[in-house]
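Let me put the thing up on the screen and then talk you through it.

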Amino acid sequence: MLHAVVTAVEVAAVKADATAVDAVGLRVGTMSGAVPEALEAAWPLAIAGTPLEGARLDLEVVQAAIWCPACQAEQSIDEFYALACPVCGTPSGNLVCGREFEVAYADMD
Ligand SMILES: [Zn+2]
């Protein structure tokens, strides 16, 4: 999973003519399947020997939310809920956010 992130930032760094990457911001939805603690643990190994070596990983966790047609509102769900409204219980597969796994920014020199 992190390999794709490292590759994307590497490409961006080359394009920007950067010599070093200080930090990488990663947006991770609670329904993305990615575990923030695991990403943090895997980060040093993922960037070892790449132009990103030494870069800090800034994780931004995005709380998943569904659109509930009964409440006519966006409702936050935690990862242990099925895709149902936590307020009224109406099932909804309409995930508004929470599947993010994307680079938010990369600080380069
Ligand atoms: Zn509802």
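**Overall layout, then the opening helix**

So, going from the N terminus, the elements of the protein run α-β-α-β-β-β-β-β. That comes to 2 helices and 6 strands, where helices (H or I, at least four residues) and strands (E, at least two) are DSSP runs numbered from the N terminus. The radius of gyration is 17 Å, well over the 13 Å the globule rule gives for 109 residues, so the protein is more spread out than a compact globule. For the record, that radius is over C-alpha atoms, and the rule is 2.2 Å times the number of residues to the power 0.38.

Bear in mind this is a predicted model: local features need pLDDT of at least 70, side-chain atom pairs count only at pLDDT 80 or more, and totals for chains, interfaces and linings use all residues. Residue numbers start from 1 along each chain as its sequence is written.

Now, H1. Which of its residues are buried? Val5, Val6, Val9 and Ala13, with buried meaning 20 or more other C-beta atoms within 10 Å of a residue's own, exposed 12 or fewer, partly exposed in between, and C-beta atoms placed from the backbone. Down the axis of H1, those buried residues fall within an arc of 95 degrees (taken from the directions from helix axis to C-beta atoms), so they line one face. The face turned away carries exposed residues, including His3, Thr7 and Lys15. And after H1 comes Asp17, with a positive phi near 60 degrees.
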